[in-house]
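Work through the following exercises with the sequence and the model at hand, and try each task before reading its solution.

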Amino acid sequence: MKRVRLLISYDGTNYCGWQVQNNGITVEEVLNKHLSELLGEEIAVIGASRTDSGVHARGNVAVFDTETKIPAEKISFALNQRLPNDIRIQKSDEVPSDWHPRYQDSVKTYEYKILNRKFPDPLRRFYTHFVYMPLDLEKMQQAAAYLVGEHDFASFCSARSQANSTVRIIYSLEVTKSGDEISILVRGNGFLYNMVRIIVGTLMKVGLGVYPPEHVQKILEAADRYAAGPKAPACGLTLINIEYPESEE
């Protein structure tokens with residue numbers, strides 16, 4: 001028996017998120033099906049990040065246990081021949097049998113893209129959130145600064161969260177603009193349920209002038225979900241990567 005790690009990219013548009021559920025097809029379900037067929041045994045992957053419906057990933061991580069004689073590094077090539085075009089394995093390797101993608105120290109990076117222009121662009125509708133009202137980039141940057149560091153992010157967590165603690169560390173939160181696209185790049189030691197999308201929704205409220213940048217500090221102190229802005233739509237969000245510092249060669 002060996003444990004194989006997968007680095008996975010996917011377009012989340014056509015999936016009901018990562019985790020297997022009854023109301024539609026998921027990324028985890030597709031991986032389980034094709035791995036089981038490829039290896040001739042029942043496979044159940046364990047994912048690092050359970051992305052929501054419509055959320056994309058450039059570098060999610062999962063592991064599974066198998067009896068196969070196929071070298072771990074070759075599984076990515078064989079599996080990609082079976083997967084649909086919107087899911088691709090970027091790398092496969094063998095890890096220790098007790099290596100778990102959710103229980104290792106890690107740093108996650110997410111990016112959220114906002115299309116800020118007068119009219120929508122149909123070619124970018126699945127990968128950006130369209131906002132026609134002008135957003136004040138400088139105010140959004142000022143507001144983002146209040147969220148960097150170790151804080152109780154209870155105000156930025158949906159009610160369904162099962163986390164034992166709502167304290168997290170954000171190492172960096174960059175708000176930049178290129179052309180008509182605003183990018184919000186956030187890097188942290190972990191994120192609560194819907195945390196990134198609520199942060200984005202709050203920053204958009206600041207950008208629209210609903211409240212000043214310094215109000216974000218009051219939202220943090222409130223520790224109340226109703227104090228923060230709305231949850232931004234899923235389509236603009238991509239899990240960029242998950243770094244495991246201790247396991248890097």
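**Exercise 1.** Determine which residues form a nonpolar patch on the surface, and state their accessible area together.

*Solution.* The patch consists of Y132, M133, L208 and V210, which together have about 410 Å² of accessible area. Areas here come from the Shrake-Rupley method with a 1.4 Å probe, and for residues only the protein chains shown count as cover. Patch members are residues with over 30% relative accessible area and no salt bridge, like charges being joined within 9 Å and nonpolar side chains (Val, Leu, Ile, Met, Phe, Trp, Tyr) within 5 Å. With a relative accessible area of 39%, L208 is partly exposed, the classes being buried under 20%, exposed over 50% and partly exposed in between (1.4 Å probe, protein chains only).

The model is predicted, so local features need pLDDT of at least 70 and side-chain atom pairs count only at pLDDT 80 or more, whereas totals for chains, interfaces and linings use all residues. Residues are numbered from 1 along each chain as its sequence is written, and side-chain values use heavy atoms, with hydrogens and water left out.

**Exercise 2.** Describe the salt bridge between K33 and E37 and its setting in the helix.

*Solution.* A salt bridge requires a side-chain nitrogen of Lys or Arg within 4 Å of a carboxyl oxygen of Asp or Glu, and the search of the whole structure returns 11 of them. For K33 and E37 the N to O distance is 3.2 Å. Both belong to helix α1 (residues 27-39), and because they are four residues apart, about one helical turn separates them. K33 is partly exposed at 45% relative accessible area, and E37 is partly exposed at 42%.

**Exercise 3.** Trace the salt bridges of R124, and find the network that contains R124.

*Solution.* Begin with D121, whose closest O atom is 2.8 Å from the N of R124; D121 is buried, with a relative accessible area of 18%. Finally, salt bridges with shared partners join K113, R117, D121, R124, D180 and E181 into one network.

Terms used. Helices (H or I, at least four residues) and strands (E, at least two) are DSSP runs, numbered from the N terminus.
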